[in-house]
Amino acid sequence: MAREVSKGRKAAVTLLAWGVALLIFFPILWTFLTSFKTEGEAINSHPSFLFFDWTLENYETVNQRSDYLAHFWNSVVISLGSTLLGLIIAVPAAWSMAFVPGKRTKDLLMWMLSTKMLPAVGVLVPLYLLARDTGLLDTKTGLVIVLTMVNLPIIVWMLYTYFKEIPGEILEAARMDGATLSSEILYVLTPMAVPGIASTLLLNVILAWNESFWTLNLTAASAAPLTAFIASYSSPEGLFYAKLSAASTMAIAPIMILGWFSQKQLVRGLTFGAVK
Amino acid sequence: MTVTIRALLGASMLVAAAGAASAQTTITVATVNNGDMIRMQRLMPAFNAQHPDIKVNWVTLEENVLRQRVTTDIASKGGQYDVLTIGNYEVPIWAKQGWLMPLENLGADYDPADLLPPVAQGLTVDGKLHAVPFYAESSMLMYRTDLLEKAGLKMPENPDWEFITEAAQKMTDKGVGIYGICLRGKAGWGENMAFLTSMNNSMGGAWFDMEWKPQFNGPEWKKTLDTYLNLMKQYGPPGASSNGFNENLALFQTGKCGMWIDATVAASFISDPKESQVADKVGFAPAPVRKGGSNHGNWLWSWNLAIPATTSKADAAKTFVAWATSPAYMKLVAEKDSIANVPPGTRTSLYKNPEYLKVAPFAQMTLKAIEAANTQKPSDKPVPYTGGQFVAIPEFQAIGTAVGQQFSAALAGTASADQALAAAQALTTREMTRAGYPKK
């Protein structure tokens with residue numbers, strides 16, 4: 001019999017959940033509101049929450065000053081490209097680690113993760129030189145490769161944990177029926193792991209979309225994504241909060257919408273295997 | 001039939017257009033988000049009309065991101081940029097590394113002699129300009145004329161720190177949210193340390209003696225920090241240890257500050273009635289001196305255009321740089337926007353233009369402040385370095401920021417003035433020894 005939960009307690013938990021959610025969401029909401037204020041209103045030490053003169057002038061200025069679509073397109077190519085390339089490499093890798101683990105698989109996984117422990121700036125100069133010599137500076141190809149490398153450990157780890165939840169017997173049965181390796185991965189494993197793969201994909205698109213160290217440091221004019229678009233609106237002398245907020249809102253809107261529509265998959269994937 | 005002919009015609013026109021486009025040289029300009037630079041991007045059609053063979057790509061970045069980005073590129077000879085926007089802090093350091101192309105023969109109508117001498121001097125290495133300025137600032141005192149009058153005081157021609165303290169005390173009325181003085185408190189070599197280094201210059205102090213020994217254990221730094229902390233703790237706004245230029249600008253514009261000592265560019269913001277609630281009540285005076293002294297702190301910052309020595313498009317880059325900082329460009333801004341929007345601080349002719357003086361009441365004081373700034377001899381004591389509100393050595397960014405954190409902590413109250421000075425002395429000594437000073 002399920003434990004009875006009192007109404008009062010239920011209400012308290014709901015309230016708390018809403019409170020926490022609002023707290024986490026508040027910076028985004030504030031950015032959104034600020035983007036409709038005038039610069040003067042944006043820095044007011046007694047800011048008003050909703051009752052100010054709503055204006056679209058910041059969006060107008062931002063659209064006049066920079067080419068949003070070009071930055072947007074670069075972001076789409078870089079984040080999708082690096083995620084897809086990462087998946088192509090990570091699915092077979094995670095398969096072998098999950099179903100035919102060797103003596104060193106655990107060490108290998110740890111070693112992959114350890115690359116994430118080094119601060120990115122530590123390898124900035126070597127990578128910059130490599131990119132320069134291969135002609136990949138300020139190209140989308142270069143960024144796709146670098147972001148694939150950067151996010152690969154996370155993709156492999158996520159897929160590995162999802163694959164671990166799938167009983168190996170099913171794959172064995174497929175093999176008994178004469179499935180080849182590729183058809184085993186493609187027709188048996190992948191369909192069963194779709195929620196996991198989908199959430200890995202979504203999470204990585206978000207990570208790549210927001211990645212700002214490499215995307216700023218390896219680009220100049222032609223491959224600059226939305227992170228560079230935002231970075232151009234901060235200023236040490238002069239007011240910029242409202243325009244920066246407008247640029248940020250425009251930069252995060254696509255990914256927020258994507259997240260909104262796919263939240264079901266995202267939640268399902270993230271809790272996949274959590275409850276047996 | 002006609003369709004085919006049209007298609008052929010169209011195709012040949014496309015080919016012709018592509019041919020014309022390939023004769024173009026594309027240069028990439030890295031720059032900061034600065035009002036004058038944003039205006040220049042808007043005025044690019046004028047440049048394109050004069051030079052259809054040069055296409056300019058802009059990369060605008062936040063100052064710190066830009067500094068990191070451009071430094072990586074130039075140090076590794078990445079060649080991503082053909083024109084760089086850099087400060088007068090970087091110019092002498094980079095020029096000595098051989099990273100910048102000397103800029104000579106910028107055209108018959110360029111008139112390099114018209115550049116303000118203190119600004120041009122900061123960009124000259126081995127007798128040659130290595131960058132050209134499009135914007136320059138010094139520091140000055142901005143104050144509320146109504147509050148000063150109410151306090152029964154009159155601004156002297158050269159206010160000293162004693163007068164500032166007295167005025168700050170009399171102007172402060174915390175009950176109605178008016179603070180006598182607003183100063184930078186946020187840690188950083190270009191934040192609170194720009195102000196404090198300059199203030200220490202005016203107190204007769206220096207960062208280093210001729211043997212490159214840090215001077216934080218001397219009486220001048222003690223006097224500087226004590227005066228600063230006393231002013232800010234008694235008459236400053238709450239939470240001042242996180243205030244930078246923009247925060248103080250907002251406070252002043254909304255009538256919360258009696259006085260503010262900062263970059264001269266602030267004058268145009270606080271006297272703009274569209275942005276500022278106190279636009280008709282502001283006065284300007286030189287940055288304070290010590291009693292009987294004449295050193296105003298020697299604050300001088302300029303944003304400049306430079307060409308990396310590695311560029312393969314030097315000619316196009318030079319054409320652009322000359323255009324962007326020429327007298328003709330200033331005329332263009334005056335025609336297209338307004339004379340009040342001409343980039344300040346770079347050319348003598350601007351300050352002789354009666355039309356400009358009419359719309360910019362702060363122009364004379366700005367000019368006076370820039371002309372008074374001597375970056376070649378910032379301190380009253382003999383020093384082995386140049387630079388005004390900074391020390392022009394590569395190590396200064398790191399050391400300045402670390403010292404700035406100590407002083408910001410002292411302002412926040414988590415350390416005493418003596419502790420902050422001792423920590424500053426220790427860390428600066430350590431870093432300078434590690435970097436191998438004194439160098440020959």
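**View 1. Lys381(B) sits in a loop of chain B.** The loop runs between helix H16 (363-372) and helix H17 (396-412) of chain B. Helices here are DSSP runs (H or I, at least four residues), strands are DSSP runs (E, at least two), and both are numbered from the N terminus. The model is predicted: local features need pLDDT of at least 70, side-chain atom pairs count only at pLDDT 80 or more, and totals for chains, interfaces and linings use all residues. Residues are numbered from 1 along each chain as its sequence is written, while chains are lettered from A and ligands numbered from 1 in the order in which they are written. Leu61(B) is 320 residues away from Lys381(B) along the chain, and their C-alpha atoms are 38 Å apart.

**View 2. An open sheet in chain B has five strands.** Their order is E2-E1-E3-E11-E6, and the pairing is mixed. Two strands pair if DSSP finds at least two bridges between them. Strand E2 (54-61) and strand E6 (132-137) of chain B stand at the edges. Each has a single partner strand, so one side of each lacks a neighbour in the sheet.

**View 3. Strands E3 and E11 of chain B run antiparallel.** Four bridges join E3 (residues 83-87) to E11 (residues 301-306). Ile86(B) stands opposite Asn304(B) in E11(B).

**View 4. Chain A touches chain B.** Each chain's share is listed: 25 residues from chain A and 25 residues from chain B. Contact means that the C-beta atoms of two residues, placed from the backbone, lie within 7 Å. On the chain A side, helix H6 (124-133) and helix H11 (213-217) are the elements that give two or more residues. H6(A) gives the most, with five residues.

**View 5. UniProt lists a "domain: ABC transmembrane type-1" in chain A (unreviewed entry).** The record gives residues 72-262. Its positions use the numbering here, feature names are shortened, and annotations may be inferred rather than shown by experiment. Over residues 72-262 of chain A the chain is 75% helix and 0% strand. The end C-alpha atoms of this span are 20 Å apart.
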